[in-house]
Amino acid sequence: MPRSRELRLNTFQMAAPSHNWAGLWRHPRDNQVHYQRLRYWTEMAQIAERGLLDSIFIADVFGIYDVYDGKRDAALSAGAQAPQSDPVLAVSAMALVTSHIGFGITSNLSYDHPFSFARRFSTLDHLTDGRVGWNIVTGYLDSGARGMGLTSSREHDERYDAADDYMTALYKLWEGSWEDGAVLRDKKAGVFVDPAKVHAVHHEGPYYKVDGAALAEPSPQRTPVLYQAGTSTRGLAFAGRHAEAVFLNGPTPEIAARSVRALRAAAVDAGRDPYDVLSLLGATVIVAPTGAEARALRDEYLSYIHHQGQLALVSGWTGVDLARLSLDDALPFAKTNAIRSTLENLTVKASAPARVRDLLEFSPAGARAPVFVGSPVEVADQIEAWVEASDIDGFNLVRTVMPESLEAIVDLLIPELQSRGRFKTAYGEGSLRAKLFPQGDALLNARHPGAAWRRRG
């Protein structure tokens, strides 16, 4: 049964001119065209922290969407997640101008070795005082694979097999290579590190090999908070074992509820508590002082959606070339190598398959998730209804027009949720993990498989 608990809310961003809604950078009040400037990120981080949001969740995709019409032209013309910047590099600047908000960073493991990756995220965890999370992705765009000299991405389920091996190597590096107390910083004795407390990792996996000690000293969290996205059968098994928070999509409460139940069951199957894993649902929020103003904003925003760019995004997410369909055609189901759960939600799990034209609207089909539009009271009512129906823990709030959409959430919606006891009125202390799971601490809890690699000394 659903239980009452404090909502987790992230602002969902991307280092690109458009994220989930192609073309909104054209809006006269939008500033997403400045995504490559530090000030965009630092000012946005300060707004988000003013609203006590849990984290800035930064999406990323490695490659350019080229499924639509077999070309990348539509994505590039619309600025649909292209061009794109590395989401990691702005985090240090955002951490410098904030004190509490976390950073969930999407980073593709398929084209990075665990040894170098472990150092990068340990460094970020140090520089943010333990406020970093990693959204584990394996990549699904063949354009990215070709750019890396391969012919295509790994097959869907094999991507997760490789990721399991990758995670084991990382746990050994983050948790087991350096003992607690290895770093002495003893100026008088002239000893910085006790060599006896640093151990080489010898990992011989089916996909990755490591032979060496972790390069970075243990960070405040050792292992960053582990996010994951995807609710295919294989994705859920991976999430149940590794994830601490999972990003879901679901165009109806019933579909979202099935995903949440399956996620909690997967956690139990992996020997964990069902609530060790937070479920975060994507959602588009358009909120204004009155419902009429919010609906007018929705219509205004909608007029800036770039149709071909939006279809290029959905084609990439589903692996289905929508250029071959008319606007009134239903989206067909096919077993593709893209985001399998997205296509299933829009076709076989839906009461009726979405039409192509539905994908161009601020609708559950277009968003692949709920769209909340209205006054603060109306939007809070909608949020509470979804939470009660689905047992969701919180939401990744998709950006629309920036910064006004984020400011409206912070200044209008957050106070309403706080008045209902649904959202915090102050940050807790400690790391991102300690804030998300107040019953724990900065480190992975003992039920997580990564904790088994921790060397106690």
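Reply: A residue counts as buried when its relative accessible area is under 20%. Valine 320 has a relative accessibility of 10%, so valine 320 is buried. Keep in mind that this is a predicted model.

Start with the location. Valine 320 sits in a loop. That loop runs between helix H10 (307–318) and helix H11 (340–346).

Which residues touch valine 320, once neighbours within four places in sequence are set aside? The contacts are Val67, Ser315, Leu331, Pro332, Thr336 and Leu343. Valine 320 and aspartate 391 are 71 residues apart in sequence. In space, their C-alpha atoms are 31 Å apart.

Two residues have a positive phi without being glycine. Aspartate 69 is one of them, with phi at about 60 degrees. Aspartate 69 belongs to the loop between strand S2 (55–59) and H2. Its relative accessible area is 43%, so aspartate 69 is partly exposed. Arginine 368 also has a positive phi, about 65 degrees, and is not a glycine. Arginine 368 is in the loop between helix H12 (364–367) and strand S12 (371–374). Is arginine 368 buried or exposed? The relative accessible area of arginine 368 is 8%, so arginine 368 is buried.

Cis peptide bonds come next. One joins alanine 82 to proline 83, with omega about -5 degrees. Proline 83 lies in the loop between helix H2 (73–78) and helix H3 (91–96). Another cis bond runs from methionine 402 to proline 403, with omega near 0 degrees. Proline 403 is placed in the loop between strand S13 (394–398) and H14.

H14 leads on to helix packing. Two packed helices are described by the angle between their axes and the distance between the axes. Take helix H13 (residues 376–390) against helix H14 (residues 404–419). Their axes come within 9 Å and cross at roughly 60 degrees. That angle makes H13 oblique to H14. The crossing is right-handed. From H13, the contact uses Pro376, Val377, Val379, Ala380 and Ile383. From H14, it uses Leu412, Leu413, Glu416 and Leu417. By class, the residues of this contact are eight nonpolar, no polar and one charged.

Then take helix H6 (residues 156–176) and helix H7 (residues 233–242). Their axes come within 9 Å and cross at roughly 10 degrees. So H6 is roughly parallel to H7. H6 passes H7 in a right-handed crossing. Residues on the H6 side are Asp157, Tyr160, Asp161, Ala163, Asp164, Met167 and Tyr171. They meet Arg234, Gly235, Phe238, Arg241 and His242 in H7. The contact of H6 with H7 holds five nonpolar, two polar and five charged residues.

Finally, the aromatic rings. How many aromatic pairs does a search of the whole structure find? The search gives 18. Look at phenylalanine 117 with phenylalanine 121. Their ring centres are 4.6 Å apart and their planes are at 20 degrees, so this pair is stacked.

Phenylalanine 117 has a relative accessible area of 0%, so phenylalanine 117 is buried. Tryptophan 134 also has 0% relative accessibility, so tryptophan 134 counts as buried. Ring pairs join these residues into a cluster of Phe117, Phe121, Trp134, Tyr166, Trp174 and Tyr208.

Technical notes: Residues are numbered from 1 along each chain as its sequence is written. This is a predicted model: local features need pLDDT of at least 70, side-chain atom pairs count only at pLDDT 80 or more; totals for chains, interfaces and linings use all residues. Side-chain values use heavy atoms; hydrogens and water are left out. Helices (H or I, at least four residues) and strands (E, at least two) are DSSP runs, numbered from the N terminus. Buried means under 20% relative accessible area, exposed over 50%, partly exposed in between (1.4 Å probe, protein chains only). Contact means heavy atoms within 4.5 Å. Axes are lines fitted to C-alpha atoms, for helices over the stretch in contact, and angles run from 0 to 180 degrees between N-to-C directions. Angles under 35 degrees count as roughly parallel, over 145 as roughly antiparallel, 65 to 115 as roughly perpendicular and the rest as oblique. A crossing is left-handed if the near helix is turned anticlockwise from the far one by less than a right angle, and right-handed if clockwise. Ala, Val, Leu, Ile, Met, Phe, Trp, Tyr, Cys and Pro count as nonpolar, Asp, Glu, Lys and Arg as charged, and the others, Gly among them, as polar. Rings of Phe, Tyr and Trp (its six-membered ring) pair if their centres lie within 6.5 Å; planes under 30 degrees apart count as stacked, over 60 as edge-to-face and the rest as tilted.
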